[in-house]
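Please keep the sequence and the coordinates in view while reading.

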Amino acid sequence: MKQLLLILAIFACICAAGCVSDPYADIDWPLTLVGADGTEKVMTVSQIAALPSVSGNGYAVSTVGIKYGPYKITGVPLIDLLDQVGGVHEGQTVHVFAADGYLWVFSYEQLLGEDLLCLDVNLKEMKTPATMTPILMYTADGVPYPYDDGGPLRVATMTAEPDVITEGSLWVKWVDRIEVHG
Amino acid sequence: MRKSLLIFALLIIVFAVCSGCVAEEKTVVKVVPAGSLLLPLEEIELEYEALHPEIDIQIEGHGSIQAIRQVTDLHQPIDLVVVADESLIPDMMYQEGPEGVNYTDWYTPFARNEMVLAFTDSSAYADEISTENWYEILSRDDVKVGFSNPTLDAAGYRTLLVMMLAEEQLQVPGLFSAVIGSSFDPELIVNKTDDGLAVELPVLLQPETNSKVAIRDASMFLLSLLESGGIDYAFDYKSVAIGQGLRYVELQPEVNLGEEAYASVYDDATVYLGFQRFSTIGNERTGMPVVYAATIPYDAPEPEEAEKFMAFMLAAFVEGGVGYPAPL
C-alpha cells in the first residue's frame, strides 16, 4: 500500500511539474482568423488543438510529381475552424495566408471536400472520396507537425481511405492567417 | 598479444578504406529548375556525375517562381536556379537579401521554347488539325481543351495569352470566348483598349461542369488527362510535347510566344491573375518570348562547382536532345 501511495505521489509530482504537458504549449505561432464581417480572433496552436479534431490519411504531390506522404494526420476541419469567426457560407471564399508570403484561395465547396482533384498512387485521376476533408493540420504521424515541413499549422486534405493524393498547391505551409471573403 | 590485435585492427581499417567502405563524401550541388526542364536536366545530371564522380548534382523541380522563392523567400541553400522566364530573375532576385547583398546581379539566357497544341491519335479531329486550322478545330463544340492553372504554372497564363493573341492576330472575332471564355461563369472577357488586350481572371478559376475546358495544376497532370482521353488537346511547351512523345501542332509565330521578332506583338496581351499568390511578385503577366535563363545566387554554398555544372549544362543545351528547348 505504501508503495502504491509512493507511485501515486511521484506521478502527481510529475504532473505538477509539467512533465506530462500540452505538446503545443511552447509553440509560439499565433493564427489570426478573420470572419466575413471583419471579426478577428487570434488563436494559439494549443487552443486549436483543443478544438474537436479529425484524424485520417494525408498524401500530396507537387506540380513536378514529387510525392509527400503518406501521413497519418490530425487537425481541425477548416469549415469548423471558421465557426470561430461566424462561419463560411456558399458563395464565399477562404483566403489562407502563410508566413512566407504565400496565399491560396478555397471555395466553400472545396471546404466541403468537393471540387478537389484526387489522384491514385500512380497519379491517375480518381473519384473524390466522400470522406475528403480539408483540415488545418497540427499533427502528422503522431507528433506536432515540424516547422521544416511547413508546421506548426499547415492545410492538408484528409481522407479515411489511404493512398488518396491531392495537389500540393492546396497544402499551404506555415499558415498564420485565414480570412473569409464575400 | 596486444600487438597482434593492433596489427589486426589496422589491417581491417586498411582493407575497409581500400574496398570503399569508408567512402569519400561527395560535394553536393543543389539545382532548382523549372518543371519543363526536368527531363533534359536528368540526362545532363547523369552525364555530369559520370564525368565527375566526386560531385552529387541534386535536382528539385518547381514552377519558375517557386524555384526562385527557394532562394529569396525560403532562404534555402541553392547553387543554381534555372527558370522558364528570364524576366523573373531581375524582377525577383535583383534585390537585397538579408545580408544586404543582391540575391544575384546577372543571368544567362540560353534556350527558347514555344507554345504548341499537344494531342494523341485518339483526339477528336486528330487527322484533320494543322497549323492553319487549329483554332477552328478547337472552337468546335465536341472538342475538349486543357491547360494548366495560370496561377500555378507559366504555361497556364501563356495559354491565355496565346488565345488572346490568336483572336487578334489571326483575325478570328470571338475565338477566345469560343475556346475558353464561355466555359466559365461569369464568362472570361478579353478587354481591348489602346493599351492592348487584357483578361482579368476571377479569384477561383473553375470551368463549368461539362464545359469544353479542363484545368489542372501542372503540365504532368494535364498530359495525363490528355493521354487518358479526358481532353482532346492540351496547350504546352513544344519541348515538353516532344519529350512526352506526343503529337503536336505548331502555332503561328505571331501567337506562339516563341519568336523574338514578335516580342512587340506578344506584349500587347496581359493576363491579370485572380489573386496575388506570392507577396513578392505581382499578379500581372504580359506576353513575351519564352526564354530560359540560369543564375547562381550570391550565397550559393558551392559557387565554383555550380559554375562548372552550369557551363556543362549550357553546352548540353547548345547540343540539344529529345525534349530539350531549342538553343538561343
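Which way do B:Val145, B:Phe147, B:Gly146 and B:Ser148 point from β6(B), and are they buried or exposed? B:Val145 and B:Phe147 point one way, B:Gly146 and B:Ser148 point the other way, and all are buried; a residue is buried if 20 or more other C-beta atoms, placed from the backbone, lie within 10 Å of its own, exposed if 12 or fewer, and partly exposed in between. This is a predicted model, in which local features need pLDDT of at least 70 and side-chain atom pairs count only at pLDDT 80 or more, while totals for chains, interfaces and linings use all residues. Residues are numbered from 1 along each chain as its sequence is written, and chains are lettered from A and ligands numbered from 1 in the order in which they are written.

Strand β6 of chain B covers residues 145-148 and runs parallel to β9(B), to which 4 bridges join it. Helices (H or I, at least four residues) and strands (E, at least two) are DSSP runs numbered from the N terminus, and two strands pair if DSSP finds at least two bridges between them. Within this pairing, B:Gly146 stands opposite B:Ala214 in β9(B). The bridge partner of B:Gly146 in β10(B) is B:Ala234, and β6(B) pairs with β10(B) over 2 bridges, again in the parallel sense.

These strands belong to an open sheet of 5 strands with mixed pairing, in the order β9-β6-β10-β5-β11 of chain B. Because β9 (213-216) and β11 (247-250) of chain B stand at the edges, each with a single partner strand, one side of each is left without a neighbour in the sheet. From one strand to the next, the twist averages 35°. Helix α6 of chain B (residues 154-169) packs on the sheet, where it touches β5 (115-119), β6 and β10 (233-237) of chain B, and its direction makes about 110° with that of β10(B). Such angles run from 0 to 180 degrees between N-to-C directions, with axes fitted as lines to C-alpha atoms, for helices over the stretch in contact; two residues are in contact if their C-beta atoms, placed from the backbone, lie within 7 Å.

A further open sheet in chain B has 6 strands in the order β2-β1-β3-β14-β4-β15, with mixed pairing. Its edge strands are β2 (55-59) and β15 (326-327) of chain B, each of which pairs on one side only. Strands β4 (residues 108-113) and β14 (residues 290-295) of chain B are antiparallel and pair over 5 bridges, with B:Pro109 opposite B:Ala293 in β14(B). Helix α3 of chain B (residues 64-72) lies across β1 (27-33) and β3 (80-83) of chain B, running at about 160° to β3(B).

The domain assignment, automatic or from a database, divides chain B into domain 1 (23-112 + 292-327) and domain 2 (115-256). Taken over C-alpha atoms, the centres of domain 1 and domain 2 of chain B are separated by 30 Å. Their contact takes 11 residues from domain 1 of chain B and 10 residues from domain 2 of chain B.

Finally, chain B also meets chain A, in a contact that takes 17 residues from chain A and 24 residues from chain B. Strand β6 of chain A (residues 103-107) gives the most to the chain A side, with 3 residues.
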